[in-house]
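Student: I am new to this structure, and I would like to learn how to read a few of its features. Could you take me through them one at a time?

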Amino acid sequence: MPVIDMLNKKHKVMNCVFEVLYDLYGEPNWLKKPKDGQEPEKIIEQWVKELGDYSEAQLKQACFNLFKYKKVASFPKLAHILAELSDQDKEEIKNTPKVPKAFMCLEVKMMERDIQLNKCKYTLNIYKRAIDYVMTTLLKETIGEREFLEMEYSYRNDGCKLRGMQYRKALELGLFDKFDDILDKVAKESYHG
């Protein structure tokens, strides 16, 4: 993430969330008298990381709701704010331009490519297994389970978008660069496994 984006997110969280919560609840204990092992800078960075993609309006409303409905009596934890925001899309997702839905069967496209290059030697089922391997197993290993699960959760109601995001991420990371080797591996496992 570029430094300017991180600073903007930090500024937004500090000016919206901490300012409002400080006015409503006073100074948090983890800032006033940190317990052993509590590092205020790391706590703030965690808040910025988790809340930075929401709009100022969303953040302020979440803070006011916690106070208005007396959901917490003292300075809220990050989890309280996230719970208030759980049914809302992050600002960056909302501002993503709407792309018309176009369906593409990756297995067919990859197989057609190989047919045109006169190097297709496997069935469509093998292509499907190889693509699934890249977009689930390899992608999860590369980006980490947490980011992978966050991606799945973000698009849980739209399997096509999820598959598209997984495909884009796998392409960005070069996970399809050795697709022929993956096809061979999957075919070998299928025939001998």
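This is a predicted model: local features need pLDDT of at least 70, side-chain atom pairs count only at pLDDT 80 or more; totals for chains, interfaces and linings use all residues.

Student: How are two packed helices described?

Tutor: Two packed helices are described by the angle between their axes and the distance between the axes. Here, the axes of helix α8, residues 124-143, and helix α9, residues 145-154, come within 6 Å and cross at roughly 125 degrees.

Student: Which residues of α8 and α9 make the contact?

Tutor: From α8 come M135, T136, L139, K140 and I143, while α9 contributes E145, E147, F148 and M151.

Student: What should I know about phi when I look at N118?

Tutor: Most residues other than glycine have a negative phi. N118, however, has a positive phi, near 60 degrees, although it is a residue other than glycine. N118 is located in the loop between α7, residues 106-116, and α8.

Student: Is N118 buried or exposed?

Tutor: N118 counts as exposed, because its relative accessibility is 72% and the cut-off for exposed is over 50%.

Student: What is the volume of the second largest pocket, and which residues are closest to its centre?

Tutor: The second largest pocket has a volume of about 370 Å³. It is lined by 15 residues, of which N29, W30, S74, F75 and K77 are the closest to its centre. The lining of this pocket divides into seven nonpolar, four polar and four charged residues.

Methods: Residues are numbered from 1 along each chain as its sequence is written. Side-chain values use heavy atoms; hydrogens and water are left out. Axes are lines fitted to C-alpha atoms, for helices over the stretch in contact, and angles run from 0 to 180 degrees between N-to-C directions. Helices (H or I, at least four residues) and strands (E, at least two) are DSSP runs, numbered from the N terminus. Contact means heavy atoms within 4.5 Å. Buried means under 20% relative accessible area, exposed over 50%, partly exposed in between (1.4 Å probe, protein chains only). On a 1 Å grid over the protein atoms alone, a cavity is a set of points where a 1.4 Å probe fits but cannot get out, and a pocket is an open set with protein on both sides within 12 Å along at least five of seven lines; lining residues have an atom within 4 Å of a point. Grid points are joined across faces, edges and corners, and a volume is the space filled by probe spheres set on the points. Ala, Val, Leu, Ile, Met, Phe, Trp, Tyr, Cys and Pro count as nonpolar, Asp, Glu, Lys and Arg as charged, and the others, Gly among them, as polar.
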